[in-house]
Amino acid sequence: MTLTAKQQRFVAEYLIDLNATQAAIRAGYSEKTAGSVGGENLKKPEIAAAIQASMNQRTERTQVDADYVLRTIVDTIERCKQAEPVRDRDGETTGEYKFDAGAVLKGAELLGKHLKLFTDKTELTGAGGAPLTINVCFD
């Protein structure tokens, strides 16, 4: 099945920011129904396939993929971990060295998230920290 012109536009718009609701609005769907239409469009196999094909083409064209992003983070961490000499306006070393701990930690945080080392947990408790009781009825 081929995509309609509006569906093709949705695919193109979705690739901009990966926001289905906004893509639906930009593609010409009603703002009132854009949220549901966007979600429905993503579930349609032919639209999902068109999106994936376009993303694959973009990856090939730009050579930006997950490996590239991870390599860039690691390279940046390694550069920031080194004690680099501080240079003056003429490019001469001043005898001082700098270490960018903030950049190292941010890179490590991004890698940790990729590796799922950090998980967001929500702990629910009852009154006064007591265990939460859930009553389930089956009728």
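User: At what angle do the axes of helix 1 and helix 2 cross?

Analyst: Two packed helices are described by the angle between their axes and by the distance between those axes. In this predicted model, the axes of helix 1 (residues 5–17) and helix 2 (residues 20–27) cross at roughly 135° and come within 8 Å. Helix 1 and helix 2 are therefore oblique to each other, and helix 1 passes helix 2 in a right-handed crossing.

User: Which residues make the contact of helix 1 with helix 2?

Analyst: Helix 1 contributes Lys6, Arg9, Phe10, Glu13, Tyr14, Ile16 and Asp17. From helix 2 come Ala20, Gln22, Ala23, Ala24, Arg26 and Ala27. Sorted by class, this contact has seven nonpolar, one polar and five charged residues.

User: Where do Glu13 and Arg9 lie?

Analyst: Both are in helix 1, four residues apart, about one turn of the helix. The side chains of Glu13 and Arg9 form a salt bridge, with an N to O distance of 2.9 Å. The count of salt bridges comes to five.

User: How far apart are the axes of helix 1 and helix 4?

Analyst: The axes of helix 1 and helix 4 (residues 45–62) are 10 Å apart, and the two helices pack at an angle of about 45°. Helix 1 passes helix 4 in a right-handed crossing.

User: Which residues of helix 1 and helix 4 meet?

Analyst: On the helix 1 side they are Gln7, Phe10, Val11, Tyr14 and Leu15. Their partners in helix 4 are Ile47, Ala50, Ile51, Ser54, Met55 and Arg58. By class, the contact of helix 1 with helix 4 has eight nonpolar, two polar and one charged residues. Phe10 and Tyr14 are listed in the contact with helix 2 and also in the contact with helix 4.

User: What does Ala50 touch, leaving out residues up to four places away in sequence?

Analyst: Ala50, in helix 4, touches Leu3 and Val11. Ala50 and Tyr68 are 18 residues apart in sequence, and their C-alpha atoms are 24 Å apart in space.

User: Which element of the protein chain has the lowest mean pLDDT, and which the highest?

Analyst: Where pLDDT is low, the predicted coordinates should not be read in detail. Here strand 1 (residues 84–87) has the lowest mean among the elements, 80, and helix 2 the highest, 95. The protein chain averages 86, and 96% of the residues score at least 70.

Key
Residues are numbered from 1 along each chain as its sequence is written. Side-chain values use heavy atoms; hydrogens and water are left out. Axes are lines fitted to C-alpha atoms, for helices over the stretch in contact, and angles run from 0 to 180 degrees between N-to-C directions. Angles under 35 degrees count as roughly parallel, over 145 as roughly antiparallel, 65 to 115 as roughly perpendicular and the rest as oblique. A crossing is left-handed if the near helix is turned anticlockwise from the far one by less than a right angle, and right-handed if clockwise. Contact means heavy atoms within 4.5 Å. Ala, Val, Leu, Ile, Met, Phe, Trp, Tyr, Cys and Pro count as nonpolar, Asp, Glu, Lys and Arg as charged, and the others, Gly among them, as polar. pLDDT is the predictor's confidence in each residue, from 0 to 100. A salt bridge is a side-chain nitrogen of Lys or Arg within 4 Å of a carboxyl oxygen of Asp or Glu.
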